[in-house]
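These are my notebook entries on a single protein chain. I record what I looked up and what I found, entry by entry.

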Amino acid sequence: MQDTQTSPVSSAPRPFSVVPAPRQSILAVRHPGVRPPQDVRQTCVLMFVVAAGYALLAYRSWAMLDAGAPGPVVSDLRFLLVLAALVALGMAVLALPVRRAGHVLWRSAQFGALVALGTAVSALYMAAKLADTPMLAVGLLVILFAIIVNIALWSTSVRRWCGL
């Protein structure tokens, strides 16, 4: 029989240790078989709630356009409609990678939460400009949840879970 010998294993660190190993995809689960902490699960639920709030904001903008908004604010309402719909879609899409602990997509969720906060401020400005109480109520609801999601994504155990 032949005596086989394996090649020596180098214990030198990889030069780019920040980059994940090539066998791990962006959407791969980092903690297989481990249930996410309570904060992570609550953050994902909040992201879905925020998505529903932004869908409601987009609907309210569309209803105002359909009812005949004043001429100078039509383009602003259309922009708010499109932005609110995109933020709603983004929050719903980026909730799962946070739960699965995807680092790059978690950073994308943080950026999306900041954009969501800016959109909510824009909705409040538009409601004040138009003196529209229902839009003001929806804007206040959305900005409240956007602030909570931002706090949750930036300062809880979600940071440890996503491998920062």
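I began with a definition: the expected span of a helix is 1.5 Å times one less than its number of residues. Helices themselves are DSSP runs (H or I, at least four residues), strands are DSSP runs of E of at least two residues, and both are numbered from the N terminus.

**Entry 1. Provenance.** I noted that this is a predicted model, in which local features need pLDDT of at least 70 and side-chain atom pairs count only at pLDDT 80 or more, while totals for chains, interfaces and linings use all residues. Residues are numbered from 1 along each chain as its sequence is written, and side-chain values use heavy atoms, with hydrogens and water left out.

**Entry 2. Helix α1.** The 30 residues of α1 should span 44 Å at 1.5 Å a residue, and the end C-alpha atoms are 43 Å apart, which agrees. Just after α1, I found Gly68 with a positive phi of about 95°.

**Entry 3. Overall composition.** I counted five helices and zero strands in the protein chain, in the order α-α-α-α-α along the sequence. I then looked up burial, where buried means under 20% relative accessible area, exposed over 50%, and partly exposed in between (1.4 Å probe, protein chains only). Of the 164 residues, 37% count as buried. The chain exposes about 10100 Å², of which carbon and sulfur atoms supply 67%; these areas come from the Shrake-Rupley method with a 1.4 Å probe, and for residues only the protein chains shown count as cover.

**Entry 4. Contact range.** I took contact to mean heavy atoms within 4.5 Å. Among contacts with a separation of 6 or more, 78% are between residues 24 or more positions apart.

**Entry 5. Nonpolar core.** I defined a nonpolar core as a set of buried Ala, Val, Leu, Ile, Met, Phe, Trp, Tyr and Cys residues joined through side-chain atoms within 4.5 Å. The largest has 43 residues, and those with the most contacts inside it are Met47, Tyr54, Val98 and Leu153. The elements that give two or more residues to this core are α1, α2, α3, α4 and α5 (158-161). Helix α3 supplies the largest share, eleven residues.

I then listed the neighbours of Tyr54, leaving out residues up to four places away in sequence: Tyr54 touches Ala84, Val87, Ala88, Ala116, Leu117, Thr119, Ala120, Val142 and Ala146.

Entry 6. Cys44 is found in helix α1 and is buried, with a relative accessible area of 6%. The C-alpha atoms of Cys44 and Val98 are separated by 7.0 Å, although the two are 54 residues apart along the chain. Gln110 is found in helix α3 and counts as buried at 1% relative accessibility. Beyond its neighbours within four places in sequence, Gln110 is in contact with Asn150, Leu153 and Trp154.

In one of them, Arg60 pairs with Asp132, the closest N and O atoms being 3.1 Å apart. Arg60 lies in helix α1 (residues 38-67) and Asp132 in the loop between α3 (103-130) and α4 (133-155), so the pair ties together parts that are 72 residues apart in sequence. Arg60 is partly exposed at 22% relative accessibility, whereas Asp132 is buried at 14%.

Asp76 forms a salt bridge with Lys129, with the closest N and O atoms 3.4 Å apart. This pair links helix α2 (residues 74-100), which holds Asp76, to helix α3, which holds Lys129, across 53 residues. Both are partly exposed: Asp76 has a relative accessible area of 30%, and Lys129 has 43%.

**Entry 7. Loop residue Ala131.** In the loop between α3 and α4 I found Ala131. Ala131 has a positive phi of about 55° although it is not a glycine. Its relative accessible area is 68%, and Ala131 is therefore exposed.

**Entry 8. Nonpolar surface patch.** Patches are made of residues with over 30% relative accessible area and no salt bridge, with like charges joined within 9 Å and nonpolar side chains (Val, Leu, Ile, Met, Phe, Trp, Tyr) within 5 Å. Leu56, Tyr59, Trp62 and Leu141 make a nonpolar patch of about 420 Å². Helix α1 gives the largest share, three residues. Leu141 is found in helix α4 and is partly exposed, with a relative accessible area of 39%.

Methods: A salt bridge is a side-chain nitrogen of Lys or Arg within 4 Å of a carboxyl oxygen of Asp or Glu.
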